Amino acid sequence: MTVSGPARSPDRPLLHLDDLHTSFAQGAIVAVEGIDLRVGAGESVGLVGESGCGKSAAAKSILRLHDPRNTRIGPGRILFEGRDLLQLSDEGMRKIRGREIAMIFQDPMTALDPVMTVGDQIAECLDAHERLSATARKARILELMKLVGIPSPATRMRCYPHQFSGGMRQRIMIAIALSCRPKLILADEITTALDVTLQAQVLELIRSLRDSMQLATIMITHDLGVVAGMTDRVYVMYAGQIVETAATDDLFARPAMPYTWGLLRSAPDLEAPVVERMVPIEGMPPSLADPPSGCRFAPRCPYGREICERAAPPLAPNPVSGPEHAARCWGTQQVKGGGWLIGHDWRAPNSDTPTSGKAGTNA
Amino acid sequence: MPDTLKVQEKAQPLLKVTDLAVRFGEVRAVDGVSFTIAPGETLGLVGESGSGKSTVGRAILQLVRSSGGTVELDGTDLGALNGERLRTMRRKMQVVFQDPRGSLDPRMRISAILAEPLVIHGLRDKTAMADRVRDLMRLVGLHDDMADRFPHQISGGQAQRVAIGRALALEPALIVADEPVSSLDVSIQAQVMNLLADLRASLGLSMLFIAHDLAVVRHISDRIAVMYLGQIVELAPRDRIYAKPLHPYTRSLLSAVPVPDPARERARKRIILEGDPPSPDNPPPGCPLSSRCALRRELGDPAECEKRRPALTETALGHHVACHFARE
Ligand SMILES: Nc1ncnc2c1ncn2[C@@H]1O[C@H](COP(=O)(O)OP(=O)(O)O)[C@@H](O)[C@H]1O
Ligand SMILES: Nc1ncnc2c1ncn2[C@@H]1O[C@H](COP(=O)(O)OP(=O)(O)O)[C@@H](O)[C@H]1O
Ligand code: SF4
Ligand SMILES: [Mg+2]
Ligand SMILES: [Mg+2]
């Protein structure tokens, strides 16, 4: 179960992305632009935002999973237990992958090898790092399959990925990720392709494993329901940057800036009253090849003022909630021409007349 | 709600599906499905993937042959028609699919995609055509300057607007929307859902709205049908099904959707469905849910569930449920 109450960002984190940049196509597309993100040991952190905002690009940078020919990671640092992973050789990175940090993807079918039994795939990381006898190896495979809830593991370990359902394949991916007992798991939209009933099963599994194994997790998702139930702290990402970060409870209780408000308003809530019209975020995220020069959310923001298009706001502490809660929005910052959204109740109707009325282009 | 319900049930339905069955070899994809849709009504059809929702939609559109039952549109049995008469009736039903870009021809400009159904149905006049295309674009909220673009030059949400515009070109009475927003971000989903709600109100459209969970269909549906393994297990007016779900499957579906609020989410009781849905070529005997049912487990595994298939029965005005033991 997620801890309640304020979660402070850790002073000596397990992972610290320090001003990380990742770009593609000789720097023409900056998908991750100066991200600062911390994960404490055993902590569960959410990374949330619309598609195309750079969430996967950031996560894959941590394990250096991008095609090196068109990707540049840096400037910035990826500190894991104090060591900068960007300084490691490819050989050094191989020792990190799976053993220290493992990643699980949205689509298990493309991540699994179709011509290898799932048992062998679960043991692949063990085979690379530990010398186990055949009996010990098999025992470990069975133990992992049981752990993630795959029925009759002794026969199923000899089957191939296509012989499993989508939900079972995702369990296999989790077993592979856990096989070398990593300290941190990067879970990239792992339930997005699953039906809600299977999603509930997989999330329950992750929750129990996390508690029993002291795992730290980064849950990457666009679903605020998943964030609410699975995380201690949240980072909201928009157009390659972190635009708001806070303890999960604080983010939902006092979201500071208009993009987060937009995500919250458009998130389906089965317990809320039925409405005539839903509340979308108008327009769509910008292309990362040519992001807006002021606030990146300004073209879609119903609260924007003159300053928003002129200058890019920094990520600064939110005056209402304290230093652990920061937002990238002029409306929340006490500067000349800013500060008009401090303490604003996001549920109240917007009395502000948008000056940047370009939101009209529909997605 | 009960008043409008009476009106809807009295009026002659636009669509009447009776005991529909579709088989693919051993697979009973649709196994005895019945429902009606009134003029102007939206029916939400919900269930996990593989439960047979798309096959119901395709059988209504006469895109797949049914192995039993009837589909009547405006009182006419579509199965009895062929040739020109079937084509005329088919014009009244149009479809919008999940994958907006995949359903648009990548080599055609948006204007040509919207004009295509008009051309096929004999509109020749160039000016009338251009006018109609421009009207359609405005109707679905696309800027005029999009007319000359190709599908890969527009976003997913815009592509879905084009698909909706194309479906509306021939002024259908019924739209089958098969997971039309499932591939879009929730922030963008709301844009498309609002468009569909507006169109329904202004054009008086009927809709079969297919989705894989209960969150998407909630705001737009008048009634909701929940499918499991080829069968409808619960069918009720919208407000009832969310407030008083009766079928154990509906209850687990509802409890599985996370809510965006940490305090409520932590306090929520989940009714977790064990395991995967059974394969439709080998369904459990009796009730389709019997192998995974939480209610049955709670009652100490009564044999009834495996013996007889429960019939869809009306338990309250307009509220139908197929379960031997479900009670309010
Ligand atoms: N290998 C790549 N080459 C070029 N552009 C890429 C590559 N991978 C991702 N991008 C671009 O980077 C941006 C962020 O993508 P991604 O990290 O996948 O977003 P998210 O995971 O938030 O949906 C997108 O604009 C995407 O098109
Ligand atoms: N053309 C087909 N041939 C064989 N089996 C099919 C075909 N179309 C659907 N099925 C099967 O019928 C069942 C119902 O499928 P479908 O209607 O697509 O479900 P849903 O739309 O609810 O996901 C599934 O078991 C599916 O595999
Ligand atoms: S800085 Fe301005 S445009 Fe950006 S989110 Fe805040 S109010 Fe909106
Ligand atoms: Mg991604
Ligand atoms: Mg389908």
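Biologist: Which helix gives the most to the shell around ligand 2?
Modeller: That would be H2(B), which puts 4 residues into the shell. Keep in mind as we go that this is a predicted model.

Biologist: Okay. Which elements of chain B each supply at least two residues there?
Modeller: Strand E2 (27-37) and helix H2 (53-60) of chain B.

Biologist: And which residues come nearest to ligand 2?
Modeller: Of the 13 residues around ligand 2, the nearest are B:Gly50, B:Gly52, B:Lys53, B:Ser54 and B:Thr55.

Biologist: How much of ligand 2 does the protein bury?
Modeller: Taken alone, ligand 2 exposes 560 Å², and the protein buries 62% of that.

Biologist: Now ligand 3, please. How many residues surround it, and which are the closest?
Modeller: There are 13 residues around ligand 3, and the closest are A:Cys295, A:Cys301, A:Cys308, A:Cys329 and A:Trp330. By class, that shell has 12 nonpolar residues, 1 polar residue and no charged ones.

Biologist: Switching topic: how much area do chain B and chain A bury between them?
Modeller: About 4200 Å², with 57% of it on carbon and sulfur atoms. On the chain B side, B:His219, B:Pro260 and B:Arg266 lose the most area to chain A, together 16% of what that side buries.

Biologist: How many residues does each chain bring to the contact?
Modeller: Chain B brings 46 residues and chain A brings 50.

Biologist: And how many salt bridges are there across the interface?
Modeller: The rule finds 5 salt bridges between chain B and chain A. One salt bridge joins the side chains of B:Arg264 and A:Glu271, at 2.7 Å from N to O.

Biologist: Which helix supplies the largest share of the chain B side?
Modeller: H7(B), with 8 residues. By class, the side of chain B that touches chain A has 17 nonpolar, 12 polar and 17 charged residues.

Terms used: Residues numbered from 1 in each chain as written. Chains lettered and ligands numbered in written order. Predicted model: local features only at pLDDT ≥ 70, side-chain atom pairs only at ≥ 80, totals over all residues. Heavy atoms only, no water. Near = heavy atom within 4 Å. Nonpolar A, V, L, I, M, F, W, Y, C, P; charged D, E, K, R; others polar. Contact = heavy atoms within 4.5 Å. Buried area = accessible area lost by both parts, 1.4 Å probe. Salt bridge = Lys/Arg side-chain N within 4 Å of Asp/Glu carboxyl O. Areas by Shrake-Rupley, 256 points an atom, 1.4 Å probe, with all protein chains shown as cover.
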